[in-house]
Each structure stands twice: as structure tokens, then as C-alpha cells.
Number of protein chains: 2
Amino acid sequence: MTSIKNKKIVLTSRPNGEVKTECWKLVHEEINGDIDPGEFIVKIDSISIDPAMRGWINNVESYIPPVQINETMRALGLAVVVDSKHEKFNKGDLLSGMFGVQEYCKLNSDYAIEKIDNTAENINTSIFLSALGMPGMTAYFGLTDVARIKANDTVLISGAAGAVGSIAGQIAKIKGCTVIGIAGGEDKCRYLIEEAGFDDAIDYKSNIDLNEAIAKSCPKGIDVFFDNVGGPTLDAAIKHINHKARITVCGAISQYNAAGLSIHAEIDYIPILFNSARLEGFVVLDYYHRYSEGVKEIVKWMNEGQIKSKEDIRHGIENFGDYFNLLFNGGNFGKLILKP
Amino acid sequence: MTSIKNKKIVLTSRPNGEVKTECWKLVHEEINGDIDPGEFIVKIDSISIDPAMRGWINNVESYIPPVQINETMRALGLAVVVDSKHEKFNKGDLLSGMFGVQEYCKLNSDYAIEKIDNTAENINTSIFLSALGMPGMTAYFGLTDVARIKANDTVLISGAAGAVGSIAGQIAKIKGCTVIGIAGGEDKCRYLIEEAGFDDAIDYKSNIDLNEAIAKSCPKGIDVFFDNVGGPTLDAAIKHINHKARITVCGAISQYNAAGLSIHAEIDYIPILFNSARLEGFVVLDYYHRYSEGVKEIVKWMNEGQIKSKEDIRHGIENFGDYFNLLFNGGNFGKLILKP
């Protein structure tokens with residue numbers, strides 16, 4: 001095989017606060033098309049753009065090392081094998097893994113790479129980055145295992161029109177809960193109620209007091225708060241929790257662009273004490289060994305028409321910097337996916 | 001029986017912040033000594049002085065209604081039956097219940113009153129208000145059930161020389177944990193290490209930075225934080241939690257005298273998210289149905305010499321107001337008990 005023209009996005013400098021597009025650079029390169037035993041080359045089909053990526057570009061050790069300057073930006077994605085001398089992978093296989101923000105990738109390890117069975121008809125591959133991927137698993141295990149939802153719970157969800165929140169709300173409805181979503185804008189709120197089956201939606205971009213809006217939408221108080229937004233949104237929700245409430249802290253997207261490397265966000269925790277309630281942080285990687293359980297359930301619900309997955313698909317790897325910022329200004333509607 | 005001279009403490013006004021002694025009044029009264037069927041009279045032996053009482057005198061509904069103005073102050077205590085026409089209680093029985101801050105009490109209901117078996121030799125009855133009472137149960141269920149301690153955990157305890165904290169530390173040692181206490185003053189810290197078997201103690205009244213002191217005493221980080229103090233102490237501890245840490249929020253005594261009726265205390269919760277950790281509020285009343293399990297374990301450990309209970313016994317009902325404030329200025333050393 002001759003060489004392959006690749007386009008990729010590399011990190012050129014670390015952001016302080018909002019990630020300016022100058023932090024990214026589009027690089028053209030040639031990949032040697034010859035492969036040795038154990039190697040394989042994939043063509044990337046879809047790139048997942050996720051809030052967690054904001055943490056990966058800070059120079060801070062977390063559950064994963066930071067992306068280095070001039071390194072290809074890390075990203076989860078779906079890719080098709082175009083050539084392989086790896087024993088596990090054959091040409092044409094669809095894989096999920098950390099292939100980065102680029103068009104092609106040559107690899108020699110199967111670490112954290114999964115083969116995807118996409119033999120089902122009429123299925124859009126992007127579903128494996130949304131309802132059947134990390135966002136779906138986050139929603140499923142965050143509600144069932146961390147929050148332990150049960151029928152008749154009042155479940156409040158922030159970032160409700162996002163990749164995780166919209167699946168979470170639909171799962172909570174299936175489980176017999178009353179579900180209220182917080183989202184930005186009339187379109188998203190209408191979608192939550194009319195399409196995703198939420199009982200009510202709070203438009204945080206309208207001229208409302210969030211505290212009053214929660215009181216009005218959750219007259220019986222909150223049993224479960226599934227929080228993707230954090231900061232003031234969490235602080236407002238805590239004021240309305242019931243006895244034995246469970247708060248699943250899944251993310252804090254409102255805080256990720258905080259200037260400086262260390263994120264702080266203050267909440268008044270006293271209602272947690274007085275209500276014998278629980279606040280629990282949660283990283284879906286802790287449930288990696290149980291993904292098949294979550295996938296099986298969600299596939300069943302999708303086949304029954306009980307769960308709809310909404311993707312926001314964008315095109316052109318050169319626009320990655322702009323697309324990434326959509327996550328933080330509420331510009332995406334559904335799971336944000338980049339087709340390179 | 002002729003009339004009985006009773007002395008009791010009533011609430012005369014609601015405090016704003018620190019509870020001035022003017023909020024209390026000593027009242028002399030005569031109790032009619034005649035009893036109808038179903039009634040019984042007790043002489044109060046010991047009165048438990050607890051942080052939770054601060055909440056009961058605010059005009060706020062919580063898990064229990066507020067004490068009303070001119071009402072006898074509510075208090076848990078031990079009492080001996082002096083006369084009875086109640087089918088369950090006989091003269092001489094030792095009872096625990098909410099008998100109030102007074103010398104005598106005439107009752108017609110057995111609601112939340114338990115008969116105590118005090119036939120064991122050499123046992124000081126006050127133990128039923130400390131290690132075998134509410135503080136002991138709080139320590140036991142807070143660690144075993146809420147925090148789910150396991151061997152080799154690093155356990156940090158605030159209010160460590162208090163009624164709950166000192167028992168909690170000893171239970172954690174029995175369970176194979178490394179235990180660090182936070183307490184006020186050299187005497188208390190020496191007691192924790194030399195008498196109660198803690199591995200280390202932090203004197204918050206010495207000229208230290210709590211954040212640095214915790215880092216030094218917990219070089220492997222905190223797996224369990226058992227918090228009786230709250231506010232800035234909790235905020236400091238959270239900075240040092242490990243992956244999957246559990247924070248049992250048992251009280252917030254640093255905040256109970258906050259001016260105004262509603263208590264607020266802010267913490268930076270982000271480390272809970274990033275460590276997949278858990279913060280859980282806890283009221284021991286939720287475990288009332290399981291007390292016998294906790295009592296059985298603690299009696300066994302006491303008989304084996306593995307748990308020592310320390311009581312701070314004060315005398316004279318007329319001094320209740322001064323004794324009560326000891327809880328908030330760190331003036332008591334061990335479970336605070338009033339002999340009327």
C-alpha cells in the first residue's frame with residue numbers, strides 16, 4: 001500500500017479558560033501505508049466530541065494523562081479497518097476506540113479497542129457513540145447503579161438535551177419516574193417534552209430564577225438529581241431534595257472552562273445532611289466491565305421504540321475547534337459527532 | 001402519693017446565633033402525684049446534652065417539631081420509674097426516652113421509651129447515653145453501614161474527642177483502619193492517641209493550617225471522612241480524598257450557631273466528582289430498628305476492653321444553659337451528661 005494522506009488536529013497550546021481556536025492546528029501528514037505484523041490501519045468514520053476532552057488538555061494528571069503539546073488531540077471514535085496484519089482485526093471491521101481527531105490512524109495495539117457488531121439493519125453507526133456508547137452507558141449506570149432510581153421518584157436532569165441527559169430522562173421514564181429536564185432554549189425544551197417524553201422542562205436561558213423554576217416543576221421535591229452541569233445548577237437543585245435523595249454528579253460542564261488549571265465549585269451541602277441524602281461522583285469507566293449489560297437493555301428499549309437517540313452530526317475536521325466550543329455554549333443539540 | 005416538687009428548664013425565647021443563658025428559665029412546679037391507669041412517673045437520672053438540641057429550638061420543622069416557647073426543653077435521658085399504673089413499666093425500671101431537662105416527669109405513653117436492662121455489674125448507667133446510646137449507635141452505623149469501612153482504610157474523624165467521634169475512632173481501629181482524629185487542645189489529642197488508640201491527632205486549636213495538617217497526617221489520602229464538625233473542616237478534608245472515598249456527614253456543629261434560622265455551609269465538591277467519591281448525610285434515627293445489632297457489637301468490644309467510653313458528667317439542672325454551650329466552644333471532653 002502506498003502512503004496515506006492524513007489530516008489531523010493537534011494541540012498547539014494549553015487554554016486558560018475558554019478554548020480559543022488558536023489552541024488547535026490542522027496538520028497534513030503522510031502515513032506510511034506499509035504495515036508490519038501486528039499493525040493495522042483504520043479510516044475514522046465518526047469522532048465523538050465530549051466534555052471530558054476539556055480536562056484532557058489541562059496539564060493535570062487525572063484518570064488519564066494529559067494530551068501533550070503538538071500531540072494529536074485524543075478522541076473516542078468509530079473507525080473501519082482498511083488494512084490489517086493484527087490477529088484480531090480484519091479489513092472492513094468496525095471498531096470503537098481512542099483514534100483521535102484525524103482521518104486515518106495506524107496502530108499496533110488493541111488496548112481499549114472494541115469490535116462492533118453492526119450487522120443490524122437500518123442502524124446508523126453513530127448510535128455506537130451515543131445511546132449505545134459512552135453517553136448511553138453513563139445514563140444507564142448513573143441512574144440504575146449510582147442513583148438507584150425506582151418507580152415514582154421525581155428525577156431532575158441537568159444538561160437534559162445533551163447526549164447523556166436525553167438518554168437518562170428516557171430511561172427514568174421507562175422506570176416509572178416523573179422526569180424534569182433543565183435545558184437551554186425553547187427548541188430543546190419542546191424536544192424534551194414532545195419527543196423524549198419528559199414530564200416538564202426548565203429553560204435556563206429564559207428569564208427565570210432557577211430556584212423558583214425547580215420548586216414549581218418539582219412540587220413534591222427531588223428524589224434523584226442527575227447532574228451534568230454543576231456549580232450554581234447543583235446548588236439550586238440541592239435546596240429541593242427530599243429525604244434520602246440521591247445526587248449523581250456525572251459532570252460539571254459549567255465549570256470546565258474555569259480559568260486556571262484547578263476547578264472549584266461551591267455548593268451549600270447542609271440539605272444533604274438534614275435529608276440523609278447522598279451526593280456521588282461517577283466516572284463511566286468504572287463500569288467498563290459491565291457495558292454489555294447496559295447495551296443489552298438499551299438495544300431492547302430502542303427496538304421497542306422507548307428510547308430515541310439524537311445526534312448532532314457536524315462535518316469537516318478543520319472546524320473541530322468551533323465544534324468543540326458548542327459543548328460549552330449550549331450550541332449542540334444531541335450527541336455531538338464529527339465526521340472528518 | 002402526694003405532690004412532687006419538680007424543677008425544669010423551659011425555653012423562654014428563640015436564640016439568634018449563640019444560645020444566651022437568658023433563653024432558658026428554671027421553673028419550679030408541683031406535679032400531682034396521683035396517677036390514673038396508664039400513667040407513670042419517672043425520676044430523671046441523667047440528661048443527654050447533644051448538638052442536635054440546637055436545631056430543636058429553631059422555629060423550623062425538621063425530622064422533629066421545634067420546642068415551643070415556655071415548653072420544657074426536650075432532651076434524651078435515663079430515668080427510673082417511681083410509680084406506675086402503666087402495663088409495661090414497674091417501679092424501679094430504668095428507662096431511656098425523651099424525658100426533657102427536668103427532675104421528674106409524668107407520662108401516659110410509651111412512645112419511643114425503651115426499658116434498659118441494667119443488671120450487668122459494674123456498669124455506670126451513663127453508658128446508655130454514650131457508647132450504648134445514641135452516640136455509640138451513630139458511630140457504629142455511620143462507619144459500618146454508611147461509610148462501609150474496611151481494613152486498611154485511612155479514616156479521618158472530626159470532633160474526634162466528642163461523644164460520637166471517640167467511639168467511631170475506636171471502632172475503626174478494631175476494623176483494621178488507620179485512624180486520625182481532629183480535636184481541640186493538647187489534652188484531647190493526647191487522649192485520642194494514648195487512651196483511644198488513634199494513630200494520630202490534629203489539634204485544630206494549635207496554630208496550624210488544617211489543610212497542611214491533614215496532608216501530613218494522611219500521606220496516603222483519606223478513604224473515609226467521618227464528619228461531625230462541617231463547614232471549613234469538611235472543605236479542607238475533601239481536598240485530600242482518595243478514589244471512591246466515602247464522607248459520612250454526621251453533623252455540622254461548627255455551623256449550628258449560625259445567626260438566623262437557616263444553616264448554610266459551602267464546600268468545593270469538585271474532588272467528589274473527580275474521585276468518584278460519595279458524601280452522605282446520616283441521622284441515626286434511620287437506624288432505630290437496628291439498634292440491638294449495634295448494642296450487641298459494642299457491648300462485646302467493651303467487655304473485651306477494646307472500646308472505652310468517656311463521659312463528661314456535670315451537675316445541677318440550673319446550670320443547663322452554661323453546660324449546653326460547652327458543646328459549641330469545645331468545653332466538654334467526652335459525652336456531655338447532666339445529672340439534675
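This tour moves from the pair of chains as a whole to their interface and then to one link inside chain A.

The model is predicted, so local features need pLDDT of at least 70 and side-chain atom pairs count only at pLDDT 80 or more, while totals for chains, interfaces and linings use all residues. Residues are numbered from 1 along each chain as its sequence is written, chains are lettered from A and ligands numbered from 1 in the order in which they are written, and side-chain values use heavy atoms, with hydrogens and water left out.

Next, select the residues in contact (heavy atoms within 4.5 Å), which number 32 in chain A and 32 in chain B. Because 100% of the interface residues of chain A are also interface residues in chain B, the copies meet through the same surface. The area buried between the chains (accessible area, 1.4 Å probe, lost on putting the two parts together and summed over both) is about 2500 Å², with carbon and sulfur atoms giving 57% of it.

Now display A:Lys244 and B:Asp286, whose side chains meet in a salt bridge at 3.7 Å, N to O; the term requires a side-chain nitrogen of Lys or Arg within 4 Å of a carboxyl oxygen of Asp or Glu. Two salt bridges are found across this interface.

On chain A, colour strand S12 (241-249), strand S13 (266-268), helix H7 (270-274) and strand S14 (278-281), each of which supplies at least two residues of the side that touches chain B; helices (H or I, at least four residues) and strands (E, at least two) are DSSP runs numbered from the N terminus.

Stay with S14 of chain A, which pairs with S14 of chain B (residues 278-281) in the antiparallel sense over three bridges, pairing being called when DSSP finds at least two bridges between strands. Centre the view on A:Leu279, whose bridge partner in that strand is B:Leu279.

Finally, select A:Lys335 and A:Asp50, which form a salt bridge with their closest N and O atoms 3.0 Å apart. This pair links distant parts of the chain, 285 residues apart, with A:Lys335 in strand S16 (residues 335-339) and A:Asp50 in the loop between strand S3 (40-48) and helix H1 (52-56).
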